[in-house]
Amino acid sequence: MRLLILGAGGIGGYYGGRLAAAGADVTFLVRERRGAQLARDGLVLTSPYGDVTQPVAAVTAIDGPFDAVLLSCKAYDLDSAAEAIAPAVGPDTLVLPLLNGVRHLDVLDARFGAERVLGGSVHIMVTMAADGTIRHLNKLQRFVMGARSEPQREAAARLHAALEPGGFKPELSPDVMQDMWEKFTMLATFAGLTCVMRASVGQIMEAEEGAEIAAALLAECASVAAANGHPPRQPFLDQSLAMLTTKGSAATASMLRDVENGFRTEHEHILGDLRRRARAAGLATPVLAVAFAHMQAHAARQAAENA
Ligand SMILES: NC(=O)C1=CN([C@@H]2O[C@H](COP(=O)(O)OP(=O)(O)OC[C@H]3O[C@@H](n4cnc5c(N)ncnc54)[C@H](OP(=O)(O)O)[C@@H]3O)[C@@H](O)[C@H]2O)C=CC1
Ligand SMILES: CC(C)(CO)C(=O)C(=O)O
């Protein structure tokens, strides 16, 4: 199967690098600067599962359809990414987005047709260093994908089989939208909490009401997921709450690391989308409102400082 991976950053670089190292037919669609890095150094990946330095096929433009496109841009680049992959999407092409959140599905459905767009979600901590090295930070590498409608099931299974040689144990979910909403619920809580507090989970647990605030935000986010037809399952909520209230934990969401590095963040796509859905459903989500407003104010300040 001919696979196109849009982006060779943290997510595209990690999973695409694993596939390329296993001999899969993978092409990366990148911009000029990343293309030059890949041509010079190959795809360089460090990971507890083994390092990879691999020459890869990387292009800056596409001239015909692929069998599947894995989309791994940040949400604020979605429009340009959709434009870039358009020539790769033919009548039988599958598009598998790996972004956090869910709003991108509407954009991709409108552009390529919902019948071509699968669901996907990754649970991993990976970053790209300035020299282009992809750093996989711990052993988590969960990759979940699946059909969003019955007619997609066979094609989704074919793509799943094509990804298996990568060795990251992709899961073919029977209900990928439920998986995406659960991840969305946990991530929005994790990002909202650690960004507002500018602290790790363990440091937040040192605050007198830290655990109560974490639990309140998780319950608010879960209520929005439920209003959208995907109430998170209890074991998932229990596991998330335990992670978000672990004393001594150094965990921070990648959104906080983006804030601290002065990078753009996906707050509109994560916190903003959830808050707007809460308002549309008439749900009271006061902690989420503060988290989103905080990130909007941060972005406004960042824009003023960079002007
Ligand atoms: N990193 C992580 O641990 C996790 C990330 N996610 C989610 O995965 C998504 C991707 O994140 P991540 O991989 O970290 O992001 P990165 O910023 O590391 O990588 C995104 C890549 O997409 C490329 N890109 C964007 N637009 C285009 C375009 N038009 N043409 C070509 N390349 C393009 C960027 O290229 P350029 O370098 O040229 O800007 C960049 O290299 C996000 O939604 C994130 O929330 C989910 C779980 C964990
Ligand atoms: C929660 C986590 C680490 C899971 O992949 C993530 O997606 C993020 O921090 O952005």
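Two strands are said to pair if DSSP finds at least two bridges between them. In this predicted model, Ile5 stands opposite Leu70 in strand 6; strands here are DSSP runs (E, at least two residues), as are helices (H or I, at least four residues), and both are numbered from the N terminus. Because the model is predicted, local features need pLDDT of at least 70 and side-chain atom pairs count only at pLDDT 80 or more, while totals for chains, interfaces and linings use all residues. Residues are numbered from 1 along each chain as its sequence is written, and chains are lettered from A and ligands numbered from 1 in the order in which they are written.

**Domains**

- The protein chain is divided into domain 1 (3–174) and domain 2 (178–306), with bounds that come from an automatic or database domain assignment.
- A distance of 25 Å separates the C-alpha centres of domain 1 and domain 2.
- Across the boundary, 12 residues of domain 1 are in contact with 11 residues of domain 2; contact requires that the C-beta atoms, placed from the backbone, lie within 7 Å.
- On the side of domain 1 that touches domain 2, strand 8 supplies the largest share, 3 residues.
- The residues of that side of domain 1 comprise 4 nonpolar, 6 polar and 2 charged. Ala, Val, Leu, Ile, Met, Phe, Trp, Tyr, Cys and Pro count as nonpolar, Asp, Glu, Lys and Arg as charged, and the others, Gly among them, as polar.
- An unreviewed UniProt entry carries the annotation "domain: Ketopantoate reductase N-terminal" for residues 4–148; UniProt positions follow the numbering used here, feature names are shortened, and annotations may be inferred rather than shown by experiment.
- The span of residues 4–148 is 28% helix and 33% strand, and its end C-alpha atoms lie 20 Å apart.

- An open sheet is formed by 5 strands in the order 5-2-1-6-7, with parallel pairing.
- Strand 5 (57–59) and strand 7 (94–97) are the edge strands, each pairing on one side only.
- From one strand to the next, the twist averages 25°; axes are lines fitted to C-alpha atoms, for helices over the stretch in contact, and angles run from 0 to 180 degrees between N-to-C directions.
- Strand 1 (residues 3–6) pairs with strand 6 (residues 68–71) in the parallel sense over 4 bridges.
- Helix 1 packs on the sheet and touches strand 1, strand 2 (26–29) and strand 6; the direction of helix 1 makes about 155° with that of strand 2.

**The hairpin**

- Strand 8 and strand 9 (residues 134–146) run antiparallel and are joined by 9 bridges.
- Met128 has Ile134 in strand 9 as its bridge partner.
- There are 5 residues between strand 8 and strand 9 in this hairpin, and Gly132 in the turn has a positive phi of about 95°.

**Ligand surroundings**

- Ligand 1 is surrounded by 30 residues, of which the closest are Gly7, Gly9, Gly10, Asp77 and Leu99; a residue counts as near a molecule if its C-beta atom, placed from the backbone, lies within 6 Å of it.
- The elements that give two or more residues to this shell are helix 1 (10–21), helix 2 (32–41), helix 3 (78–85) and strand 8 (119–128).
- Strand 8 provides the largest share of the shell around ligand 1, 5 residues.
- The shell around ligand 1 contains 16 nonpolar, 8 polar and 6 charged residues.
- Among the residues around ligand 2 are Asn100, His123, Leu187 and Ser254.
- Strand 8 gives the most to the shell around ligand 2, with 3 residues.
- Ligand 2 lies between domain 1 and domain 2, because both give residues to its shell.

Conventions
Contact = placed C-beta atoms within 7 Å.
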